[in-house]
Amino acid sequence: MNVALQCSNDCLYCFSDVDSKLIESCLYSNSCQPLDLLLRTSGEVRLSDFLLWQSSYTLLSFVNVLWPEFSRWDLYAAVLFYQRHQGQLEDIKRAHDSKDTSVESELTDDTALRKEIFLEDVNKKKRQQIENLISIK
């Protein structure tokens, strides 16, 4: 998020323009498919700040097995757990998506243009950071 904050100072961007779609676009995982199921082994019932934003509409499965002992049967159990709860998850996603589309229809051309410029700047700075990391090696 440091990149987004730095860009917002460079661009004339209104904080009122910030929405969930914009935040998702600024994440490094923005080109990845959304998560459906997140498995946490070892019996710990926490995410440890791992993919918090990306897992907001993800089914979480906490398995009381350490990773080296995680077996095919544990995976089958997690998949069955997902299949049992997939309908509820889809209902929640649909409700959320319908809210987002109503908000998007209210965007003005000016706001859309500011978002586009902002995202171009964010992606440019991400590329620069990656190029700097590559050149260090």
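**Group meeting talk: salt bridges, strands and a pocket**

Let's start with one contact. Asp-36 and Lys-93 form a salt bridge, with their closest N and O atoms 3.5 Å apart. A salt bridge here is a side-chain nitrogen of Lys or Arg within 4 Å of a carboxyl oxygen of Asp or Glu. This pair links distant parts of the chain, 57 residues apart. Asp-36 sits in the loop between helix 2 (20-26) and strand 1 (37-40), and Lys-93 sits in helix 3 (residues 72-104).

A word on the model. It is predicted, so local features need pLDDT of at least 70 and side-chain atom pairs count only at pLDDT 80 or more, while totals for chains, interfaces and linings use all residues. Residues are numbered from 1 along each chain as its sequence is written, and side-chain values use heavy atoms, with hydrogens and water left out.

Helices (H or I, at least four residues) and strands (E, at least two) are DSSP runs, numbered from the N terminus.

Back to our pair. Is Lys-93 buried or exposed? Lys-93 counts as buried because its relative accessibility is 18%, and buried means under 20% relative accessible area, exposed over 50%, partly exposed in between (1.4 Å probe, protein chains only). Asp-36, at 37%, counts as partly exposed.

How many salt bridges are there? The count comes to 4. Here are two others. Arg-46 bridges to Glu-44, with the closest N and O atoms 3.1 Å apart. Arg-46 is partly exposed at 43%, and Glu-44 is partly exposed at 33%. Then Asp-91 meets Arg-94 at 3.0 Å, N to O. Both lie in helix 3, 3 residues apart, about one turn of the helix. Asp-91 is partly exposed at 45%. Arg-94 is exposed at 54%.

Now the strands. Strand 1 and strand 2 run parallel, joined by 4 bridges. Two strands pair if DSSP finds at least two bridges between them. Leu-38 stands opposite Leu-60 in strand 2. Look along strand 2 (residues 59-62), where the side chains alternate. Leu-59 and Ser-61 point to one face and are buried.

Ser-48 has a positive phi, near 55°, and is not a glycine. Leu-51 is not a glycine either, yet its phi is positive, about 50°. Ser-48 is partly exposed at 42%. Leu-51 is partly exposed at 26%.

On to helix 4 (residues 109-136). Its 28 residues reach 41 Å from first C-alpha to last, close to the 40 Å expected at 1.5 Å a residue. That expected span is 1.5 Å times one less than the number of residues. Its buried residues include Phe-118, Asp-121 and Val-122.

Last, the largest pocket. A pocket is an open set of points on a 1 Å grid over the protein atoms alone, where a 1.4 Å probe fits, with protein on both sides within 12 Å along at least five of seven lines; lining residues have an atom within 4 Å of a point. The largest pocket holds about 540 Å³ of space, its volume being the space filled by probe spheres set on the points. It is lined by 20 residues. Among those nearest its centre are Glu-24 and Trp-53. Helix 3 gives the largest share of the lining, 4 residues.
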